[in-house]
Amino acid sequence: MIHSKNWWLITLKGLIFIFLGIHILKSPVSGMLGLIVFGGVLLFLSGIIIISFAISTRKTNPNWTWQLSEGVLDLLLAFIMLLNIGLTAITLPFVFAFFGILTGIFWIMESIYFKRIGYKYWTVALLAGIFSMLIGTLIFYRPVLAALTIVSVIGIMFIIQGIFLLLFSLEIMRI
């Protein structure tokens, strides 16, 4: 099992994702610009948090490279979103499609590891990964439809990932 005094970093990332998801669902009128700027800043913070956690647990967590990769992905997406807001607004469905597919792969790989070490919420990670990949694939293949519904879909995706992160941090805290 993963042992860490820094379990609160995962809790913080989960809370950020839940807050972002609720904000997105609550204020869809604020549109793409708000999602890009607010989401970019929160994804940047999320990337820093998960990279810090991965590095701090590298001696006790053999799966730390997947978490490090997830943090790097968060940072890359944040930079893409914030460095060219106009281009991001046009390509946002594709950006989140790739984000959903790649984070889904990371979560499925982590769920396999979690099952192997006896983590009782491994199925939540698996379902979150499958859901993330499914949403990413649907966005990729239906970008026009995704542009019309992307705010709600992204909000739901962030809330589900945030809930899993909270459950995961509680498990780490108990050890």
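Mentor: The bend at a residue is the angle between axes fitted to the seven residues ending there and the seven starting there. The model is predicted, and local features need pLDDT of at least 70. Residues are numbered from 1 along each chain as its sequence is written.

Trainee: How many helices does the protein chain have?

Mentor: Helices are DSSP runs (H or I, at least four residues; strands are E, at least two), numbered from the N terminus. The protein chain has zero strands, and its pattern along the sequence is α-α-α-α-α-α. The number of helices is six.

Trainee: At which residue does α4 bend?

Mentor: Helix α4 covers residues 85-117. The bend is about 75°, and Pro93 follows within four residues of the place. The residue is Thr91.

Trainee: Are α4 and α5 roughly parallel or roughly antiparallel to each other?

Mentor: Angles run from 0 to 180 degrees between N-to-C directions, with axes fitted to C-alpha atoms over the stretch in contact. Angles under 35 degrees count as roughly parallel, over 145 as roughly antiparallel, 65 to 115 as roughly perpendicular and the rest as oblique. The axes of α4 and α5 (residues 122-141) cross at roughly 160°. The two helices are therefore roughly antiparallel.

How values were computed
This is a predicted model: local features need pLDDT of at least 70, side-chain atom pairs count only at pLDDT 80 or more; totals for chains, interfaces and linings use all residues. Side-chain values use heavy atoms; hydrogens and water are left out.
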